[in-house]
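Look at the sequence and the 3D structure shown here.

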Amino acid sequence: MKNLIRWRTIATAFTVATVVYAIKTRQSHGRFLIVPYEFRVPTVQRIRDRFWNPDDARIITPHIFGVGWSLNVYQVVKRLRSEGSETPPEAQA
């Protein structure tokens, strides 16, 4: 329980530091240290580009809003399907 509270405190402090950085640099999106942040109002196009984008080979994409990453669900589904379609060695004989 103490570890959970500690991680929440660290995550909250990092988010606050990112907001302060974004305000000071007047950047609504970018990276703080290595973590992406996005404080622009979400759009339908950005939601599609981050959650279901066949043109982006990355599985992990920047959040639509906030600090951190999201999943490109299209790439996850594509890779799970490609793994499931492989024929087992005993079926090839």
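Rings of Phe, Tyr and Trp (its six-membered ring) are said to pair if their centres lie within 6.5 Å; planes under 30 degrees apart count as stacked, over 60 as edge-to-face and the rest as tilted. This is a predicted model: local features need pLDDT of at least 70, side-chain atom pairs count only at pLDDT 80 or more, and totals for chains, interfaces and linings use all residues. Residues are numbered from 1 along each chain as its sequence is written, and side-chain values use heavy atoms, with hydrogens and water left out.

The structure holds six aromatic pairs. Ring pairs gather Phe14, Tyr21, Phe32, Tyr37, Phe39 and Phe65 into a cluster.

How is the pair of Tyr21 and Phe32 arranged? The pair is tilted, with 5.1 Å centre to centre and 45° between the planes. Tyr21 belongs to helix H1 (residues 2–25) and Phe32 to strand S1, so this pair ties together parts that are eleven residues apart in sequence. The C-alpha atoms of Phe32 and Tyr21 are separated by 7.4 Å. Tyr21 also pairs with Tyr37, this time edge-to-face, at 6.2 Å centre to centre and 90° between the planes. Here too distant parts of the chain are linked, since Tyr37 lies in strand S2, 16 residues away from Tyr21 in helix H1.

Tyr21, at 28%, counts as partly exposed. Contact means heavy atoms within 4.5 Å. Leaving out residues up to four places away in sequence, Phe32 touches Phe14, Ala17, Thr18, Tyr21 and Tyr37.

Next come the strands. Two strands pair if DSSP finds at least two bridges between them. Three strands form an open sheet in the order S1-S2-S4, with antiparallel pairing. Strand S1 (29–32) and strand S4 (66–67) stand at the edges with a single partner strand each, so one side of each has no neighbour in the sheet. S1 and strand S2 (residues 35–38) run antiparallel and are joined by four bridges. Within this pairing, Phe32 stands opposite Val35, and His29 stands opposite Glu38. The hairpin of S1 and S2 has two residues between the strands, and Leu33 there takes a positive phi near 60°. In a regular strand the side chains alternate between the two faces of the sheet.

Side chains of opposite charge can pair when their charged atoms come close. A salt bridge is a side-chain nitrogen of Lys or Arg within 4 Å of a carboxyl oxygen of Asp or Glu. The structure holds four salt bridges. Which residues does Glu38 bridge to? One partner is Arg40, with the closest N and O atoms 2.5 Å apart. Another is Arg46, where the closest N and O atoms are 4.0 Å apart. A further partner is Arg50, with a closest N and O separation of 3.5 Å. Glu38 lies in strand S2 and Arg50 in helix H2, so that pair ties together parts twelve residues apart in sequence. Through shared partners, the salt bridges join Glu38, Arg40, Arg46 and Arg50 into one network.

Glu38 is buried at 3%, Arg46 is buried at 11%, and Arg50 is buried at 15%. Arg40, at 30%, counts as partly exposed.

The last stop is a loop. Asp56 lies between helix H2 (44–51) and strand S3 (60–62). Is Asp56 buried or exposed? Its relative accessibility is 14%, so Asp56 counts as buried. A polar contact is a pair of N or O atoms within 3.5 Å; within protein, one must be able to donate a hydrogen and the other to accept it, and residues adjacent in sequence count only if both atoms are side-chain atoms. The side chains of Asp56 and Arg58 make such a contact at 2.8 Å. Apart from its neighbours within four places in sequence, Asp56 is in contact with Thr61, Asn72 and Gln75.

Terms used
Buried < 20%, exposed > 50% of the residue type's maximum accessible area, 1.4 Å probe, protein only.
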